[in-house]
Amino acid sequence: MKILRSAKWLQGLMLKRRGQKSIGFVPTMGYLHDGHMELVRCARKTCDVVVVSIFVNPLQFGPKEDFKKYPRNERRDLALLRKAGVDFVFLPKTNGLYDRNFQTRVDVCEVSRGLCGSSRPGHFSGVATVVLKLLNIVQPHLAYFGEKDFQQLVVIKTMVRDLNLPVKIVGVPIVRDLDGLALSSRNVYLSDMERRQALGLSSGLKKIRERFHRQKKLSALSAKKIFLTSLAESSTVCLDYFACVDRNSLTPLRAVKKNKTLIAAAVHVGKTRLIDNIQL
Ligand code: AMP
């Protein structure tokens with residue numbers, strides 16, 4: 001496994017390989033867990049060359065968010081990636097990707113607006129900008145993104161389509177802990193009590209799924225009620241948003257439409273913000 005810090009060097013290597021080998025790319029912010037490793041396993045199954053990047057991207061954090069304290073553990077991440085058979089790890093420094101003169105932003109307007117975009121202004125522009133840079137550096141044929149960050153996946157797919165980028169974006173289902181909580185690097189912030197209370201998020205979504213399968217129809221309002229009732233059992237959990245939307249356009253739906261619906265939610269558990277979703 002080769003570890004590279006220079007964007008120019010990696011881009012040179014990949015431009016040479018792109019004509020002969022299929023390249024799969026997994027962008028991450030590190031502090032890897034089994035959700036990240038599932039993306040790596042998918043890439044490893046399909047592609048000749050697997051590239052993983054680890055970069056905590058300052059552009060996608062708001063001024064009051066957790067950029068500084070975001071968990072990092074380079075040594076452990078590299079050991080996991082080596083074991084998974086990754087070929088290249090890209091570990092740029094912040095000033096290696098953004099020099100003092102950096103002034104370009106990518107804005108994927110409509111799909112960035114609602115859901116997490118409302119609570120985190122500028123977040124998806126930061127994401128789209130860094131992902132476009134990384135795609136240009138790595139030159140992959142396939143790039144893997146988790147459905148855990150469903151809106152991010154839609155933003156990236158839209159950018160790739162709008163800008164005619166020569167890459168296929170592959171969405172990978174959410175990996176959960178045994179108790180149902182979606183794996184996230186931020187779960188490490190939770191105390192034992194918060195970790196138990198955070199389960200209201202995944203169990204609320206699960207109850208919506210069960211109700212929909214039983215009744216075969218469900219209004220967005222009823223879905224929200226089920227979710228809020230599940231959250232009410234956890235005193236430290238506060239709702240950020242709950243949304244019932246079309247899973248392609250992310251526009252609001254009045255009722256669940258079979259095979260078209262995304263139910264997404266974000267909550268604050270103490271100081272930690274967690275997101276989760278289900279597709280119906
Ligand atoms: P992050 O390091 O949080 O930026 O995540 C890097 C990639 O891993 C993104 O495409 C995420 O959607 C994906 N990811 C994070 N957590 C999970 C999970 N629990 N299941 C599947 N994919 C995930």
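The model is predicted, so local features need pLDDT of at least 70 and side-chain atom pairs count only at pLDDT 80 or more, while totals for chains, interfaces and linings use all residues. Residues are numbered from 1 along each chain as its sequence is written, and side-chain values use heavy atoms, with hydrogens and water left out.

A quick word on labels: helices (H or I, at least four residues) and strands (E, at least two) are DSSP runs, numbered from the N terminus. Strands of a sheet pair through backbone hydrogen bonds, either parallel or antiparallel. Here, two strands pair if DSSP finds at least two bridges between them.

**The parallel sheet**

- Six strands make up an open sheet with parallel pairing, and their order is E1-E4-E3-E2-E5-E6.
- At the edges you'll find strand E1 (2–4) and strand E6 (168–172), each pairing on one side only.
- From one strand to the next, the twist averages 25° (axes are lines fitted to C-alpha atoms, for helices over the stretch in contact, and angles run from 0 to 180 degrees between N-to-C directions).
- Strand E2 (residues 23–28) and strand E3 (residues 49–54) run parallel and are joined by six bridges; Ile-23 stands opposite Val-49 in E3.
- Lying across E2, E3, strand E4 (88–90) and strand E5 (142–146) is helix H6 (residues 123–138), which runs at about 150° to E2; contact means heavy atoms within 4.5 Å.

**The ligand site**

- The ligand is surrounded by 17 residues, and the closest are Met-29, His-36, Gly-146, Asp-149 and Leu-183 (a residue is near if one of its heavy atoms lies within 4 Å).
- E2, helix H2 (34–46) and E5 each supply at least two residues of this shell, and H2 gives the most, with three residues.
- Sorted by class, the shell has nine nonpolar, six polar and two charged residues.
- Two side chains have an N or O atom facing a ligand oxygen: the distance is 2.8 Å for His-36 and 2.6 Å for Asp-149.
- Taken alone, the ligand exposes 490 Å², and the protein buries 93% of that (areas come from the Shrake-Rupley method with a 1.4 Å probe).

**The antiparallel sheet**

- Three strands form another open sheet, in the order E7-E8-E9, with antiparallel pairing.
- Its edge strands are strand E7 (237–246) and strand E9 (272–279), each pairing on one side only.
- Neighbouring strands here are turned by 15° against each other on average, direction ignored.
- Nine bridges link E7 to strand E8 (residues 261–269), and Val-245 has Leu-262 in E8 as its bridge partner.
- Helix H9 (residues 199–215) lies across E7, E8 and E9, at about 20° to E9.

Technical notes
A polar contact is a pair of N or O atoms within 3.5 Å; within protein, one must be able to donate a hydrogen and the other to accept it, and residues adjacent in sequence count only if both atoms are side-chain atoms. Ala, Val, Leu, Ile, Met, Phe, Trp, Tyr, Cys and Pro count as nonpolar, Asp, Glu, Lys and Arg as charged, and the others, Gly among them, as polar.
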